[in-house]
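Welcome! Open your viewer, get ready to select residues, and follow along stop by stop.

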Amino acid sequence: MQSGHPFLARGFRPFFLCGALYAAVGIILWVLHQQNILAPTVPWDDLMLWHGHEMIYGFVMAIVSGFLLTAVANWTSSVPVRRFHLASLCFLWLAGRIAMNTQGLIPSWLIITLDTALIPALAISLSFPLLRSRNKRNFIFLGMLMALFVCNLFIHFGESLNALYIALFLILMMISLIGGRIIPSFTVAALRQRGMNLFQTDQIPADLLALLSLILIMVSILSEGLSSWPTGVLSLFSAGIHVWRMRVWHTKHTLNDPLLWILHVGYGWLVAGLVLTALAGFGFLPVFSALHALTVGAIGSMTIGMMCRVAQGHTGRLLVAGKIATACFILMQMAAVIRVLGPVLFPAFSSLWISLSGLLWSGIFLTYAVVYFPILWGPRPDGRPA
């Protein structure tokens with residue numbers, strides 16, 4: 001019999017709830033700052049840098065933490081991080097968010113300490129079960145986490161946009177790696193349950209090449225910048241590799257299952273974002289269109305899809321998207337299209353598109369927090385340990 005409250009039994013429970021709430025609040029703050037309705041209370045003069053930083057190191061890192069803490073326990077058949085250990089990791093995340101939103105109240109060295117503390121602690125927490133089980137396949141996540149930590153230091157000490165872009169592409173590497181594993185696996189499993197005689201096709205060379213292409217983009221960003229023709233060429237190559245992987249994922253059969261199609265669409269946004277990054281590198285589009293295809297489109301769709309799937313699957317519930325979850329998936333596509341295309345097609349109304357997309361984003365994650373709170377907080381309905 002498991003002791004302790006279910007909320008601190010698995011990493012996805014507190015981190016998904018906190019991440020959803022911060023996704024909602026963080027974008028509302030950004031919109032209010034943009035509209036000069038609320039004076040910024042952030043540690044940097046560059047509000048854009050703060051906005052990007054908090055979406056990656058605030059919102060996305062909460063979801064990544066919850067996912068990896070849950071997944072590594074499954075991958076290694078080990079006892080999950082829970083109770084005081086899990087609460088401590090959540091406290092480090094929360095302390096960082098408070099520090100990044102309190103201008104002038106605490107010294108800069110303490111802001112940096114609090115904001116950068118989570119990732120090393122998370123990496124150490126994950127390293128013990130991975131090393132003990134010799135799960136070499138997933139050591140790559142420890143490397144990615146430490147690279148994200150280094151990028152965060154460069155952002156703090158140099159207020160470097162390039163370091164922020166590298167951090168973004170590290171998150172996209174996680175999406176490419178995890179997506180390449182779970183999207184075809186989940187799809188084939190679900191479709192076979194419907195009686196379709198389909199199989200998963202291994203394509204290890206393409207999977208490795210997809211990751212390598214993203215690494216090359218990061219190298220190009222460091223040497224040439226994001227808006228450069230070398231980055232554009234590499235982004236176009238990466239888009240081709242990533243869309244090539246999808247040819248055996250049975251995407252056309254997923255349209256009746258929102259928990260499946262949202263993952264395929266999220267991955268599709270990754271391809272679209274890489275194409276737009278190429279166009280921006282060649283000077284045909286503003287870079288913000290590419291960035292928001294990759295963030296609102298790819299990261300937004302993948303995170304909301306996985307947050308729903310993991311919360312339902314790991315609490316013993318059916319993997320069926322309800323009407324509210326499906327509506328959130330659709331609204332996420334609207335938020336992405338508005339943010340990516342609105343300022344390009346109708347630049348005179350850019351402020352309106354930013355606000356509208358931001359409100360949609362906030363509404364989606366606030367809805368998730370409200371609807372999934374009983375699932376994340378309470379015990380499993382089947383009576384098994386949380």
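Contact, on this tour, means heavy atoms within 4.5 Å. You are looking at a predicted model, in which local features need pLDDT of at least 70 and side-chain atom pairs count only at pLDDT 80 or more, while totals for chains, interfaces and linings use all residues. Residues are numbered from 1 along each chain as its sequence is written, and side-chain values use heavy atoms, leaving out hydrogens and water.

**Stop 1: two helices**

Select α2 (47-76) and helix α5 (residues 118-132). Helices here are DSSP runs (H or I, at least four residues), numbered from the N terminus. Now show Y57, M61, S65, L68, L69, V72 and T76 in α2, which meet L118, I119, L122, L126, P129 and L130 in α5. This contact divides into eleven nonpolar residues, two polar and no charged; Ala, Val, Leu, Ile, Met, Phe, Trp, Tyr, Cys and Pro count as nonpolar, Asp, Glu, Lys and Arg as charged, and the others, Gly among them, as polar.

At what angle do α2 and α5 pack? The angle is about 10 degrees, with the axes 10 Å apart; axes are lines fitted to C-alpha atoms over the stretch in contact, and angles run from 0 to 180 degrees between N-to-C directions. The two helices α2 and α5 are therefore roughly parallel (angles under 35 degrees).

**Stop 2**

Conventions
Angles under 35 degrees count as roughly parallel, over 145 as roughly antiparallel, 65 to 115 as roughly perpendicular and the rest as oblique.
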